[in-house]
Amino acid sequence: QLKELFPEQWALFDALDLDGGGSLTPEEVSIGLKQWGYTAEDAAKSFSKLDMNEDGLIRFAEFVAMWPQLEDSFVPNRYKGILAVFLKKASGISVPIFGPSDPMVTLKLGDQEAISKRDSRTSLQGAAGEPLWNEAFELNCVSPSKQELEIIVQEGARIGLRRRGTEIGRATIPLSSLDSLNQKQQKLTVDLEPQGTVRLNV
């Protein structure tokens, strides 16, 4: 299946597919791209490019075929590039003494923010203290030499000892520390404060 051949593209498509219907509507694309810093006009142009058969819906086959062209060519002038992040998993993070834990992650780059699904809402749930996300995000860079990517692991459980939104761990990655000349995704394991690590590709 296509989603097995293109797991990172599928993760991105699935994140945009808010109703889980297997196709993207103009509203879903608009909501997702606005979170990544695109304007409503940018989102509408993106949808038109991805909707190859012009039926008002984007299916995964269209997404796979057209997204690389869109990614390479359609970056608003105010940005200097796109930071593609594939959030994989965390290890060794703290868990409450009792009660559920359902970690999620907030990624911040400048004034942009992207929020992952809770561990329980992903296709493969991790063990305690070892959440799995396997989600793709894209954030627009204004100044790659100066900006930092913030990674904040938070409690997502609606009930339990820890209140939802409680910070579990945090890390910061200066974009200047990444190899911008390397066209392949870089696999990173980043230490969280106060404990644990998070794995991601950028």
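This is a predicted model: local features need pLDDT of at least 70, side-chain atom pairs count only at pLDDT 80 or more; totals for chains, interfaces and linings use all residues.
Select Leu161 to begin: its relative accessible area is 46%, so Leu161 counts as partly exposed.

Where does Leu161 sit? Find the loop between β7 (148-154) and β8 (167-174); Leu161 is in that loop. With Leu161, they make a nonpolar surface patch of about 390 Å².

Select residues 187-191, which form strand β9. Then select β10, residues 197-201. β9 and β10 run antiparallel and are joined by 5 bridges. Look for Thr189: it stands opposite Arg199 in β10.

Stay with this hairpin. It has 5 residues between the strands. Which residue here takes a positive phi? Click on Gly196: its phi is near 95°.

Now colour strand β3, residues 81-91. β3 pairs with β10 in the antiparallel sense, over 5 bridges. Pick out Leu87 and look across to β10, where Leu200 stands opposite.

Turn to the second largest pocket, with a volume of about 550 Å³. Its lining has 23 residues. Select Ala15, Leu18, Ile115, Lys117 and Glu135, the lining residues closest to the pocket's centre.

Then show α2 (7-16), α3 (26-35), β5 (112-115) and β6 (132-141); each gives two or more residues to this lining. Which element gives the most? End on α3, which gives 4 residues to the lining of the second largest pocket.

How values were computed:
Residues are numbered from 1 along each chain as its sequence is written. Side-chain values use heavy atoms; hydrogens and water are left out. Two strands pair if DSSP finds at least two bridges between them. Patches are made of residues with over 30% relative accessible area and no salt bridge: like charges are joined within 9 Å, nonpolar side chains (Val, Leu, Ile, Met, Phe, Trp, Tyr) within 5 Å. Accessible areas come from the Shrake-Rupley method with a 1.4 Å probe; for residues, only the protein chains shown count as cover. A salt bridge is a side-chain nitrogen of Lys or Arg within 4 Å of a carboxyl oxygen of Asp or Glu. Buried means under 20% relative accessible area, exposed over 50%, partly exposed in between (1.4 Å probe, protein chains only). On a 1 Å grid over the protein atoms alone, a cavity is a set of points where a 1.4 Å probe fits but cannot get out, and a pocket is an open set with protein on both sides within 12 Å along at least five of seven lines; lining residues have an atom within 4 Å of a point. Grid points are joined across faces, edges and corners, and a volume is the space filled by probe spheres set on the points.
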